[in-house]
Amino acid sequence: MSETVKSLIIDNPEQFKANCNGVGSPAGFWGFFWRFTPGFLLNFMFGLNIREVADLHDNEYTVPHEFKTLKEAEAHKKQADQFFEENLETKINQHHILYTVDFLRKAKATLYDFLLTSCGDAAFYKNKIILDEQPEKFE
């Protein structure tokens, strides 16, 4: 978890909670399907509630709002996705039931990782400011 999100949890838990929507996002191509998919299908992996992991990831995608460069923003997104993957793997390993269930959970986690890396840009870049890409002001 990034220092920014740690600070948000401590200093402004209401804002942390407001940034959370569980697994998925209404932004981008897959947002259409997200709107019609019940939360229990997305937030549970074969009986394991992963909402806590998703909420951390939602906040990693939400703060900070501003980046100096596109490269800095890309690095932050990549790190946020890595945190999600690691947190999800830890949660699955901590709640071991049967090897078959663990296999199915890890398969679904792999799907989520794929969707984040291939389709997560719309959710991440929504409402972001990249300073080096702002148009020059003419006076």
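This note comments on the cores and helix packing of a predicted model.

1. The largest nonpolar core holds 19 residues, and those touching the most other members are Val 23, Met 45, Ile 50, Phe 84, Leu 88, Ile 92 and Tyr 112. At least two residues of this core come from each of helix H5 (51–62), helix H6 (70–94) and helix H7 (99–119). The greatest contribution is that of H6, with five residues.

2. Within this core, Ile 50 deserves attention. Leaving aside residues up to four places away in sequence, Ile 50 is in contact with Val 23, Leu 42, Asn 43, Phe 44, Met 45, Leu 88 and Tyr 112.

3. The axes of H6 and H7 come within 10 Å and cross at roughly 170 degrees. Because angles over 145 degrees count as roughly antiparallel, H6 is roughly antiparallel to H7. Residues of H6 in this contact include Phe 84, Leu 88 and Ile 92, while those of H7 include Ala 109, Tyr 112 and Leu 116. Charged residues also take part, including Lys 77 and Asp 81 in H6 and Arg 105 and Asp 113 in H7. By class, the contact comprises six nonpolar, two polar and seven charged residues.

4. H5 is mostly covered, with nine of its twelve residues buried. Among the buried residues are Val 53, Leu 56, His 57 and Tyr 61. Their cover includes helix H1 (3–11), helix H2 (13–18), H6, H7 and helix H8 (121–125).

5. The length of H5 agrees with expectation: at 1.5 Å a residue, its twelve residues should span 16 Å, and its end C-alpha atoms are 16 Å apart.

Conventions
Residues are numbered from 1 along each chain as its sequence is written. This is a predicted model: local features need pLDDT of at least 70, side-chain atom pairs count only at pLDDT 80 or more; totals for chains, interfaces and linings use all residues. Side-chain values use heavy atoms; hydrogens and water are left out. A nonpolar core is a set of buried Ala, Val, Leu, Ile, Met, Phe, Trp, Tyr and Cys residues joined through side-chain atoms within 4.5 Å. Buried means under 20% relative accessible area, exposed over 50%, partly exposed in between (1.4 Å probe, protein chains only). Helices (H or I, at least four residues) and strands (E, at least two) are DSSP runs, numbered from the N terminus. Contact means heavy atoms within 4.5 Å. Axes are lines fitted to C-alpha atoms, for helices over the stretch in contact, and angles run from 0 to 180 degrees between N-to-C directions. Angles under 35 degrees count as roughly parallel, over 145 as roughly antiparallel, 65 to 115 as roughly perpendicular and the rest as oblique. The expected span of a helix is 1.5 Å times one less than its number of residues.
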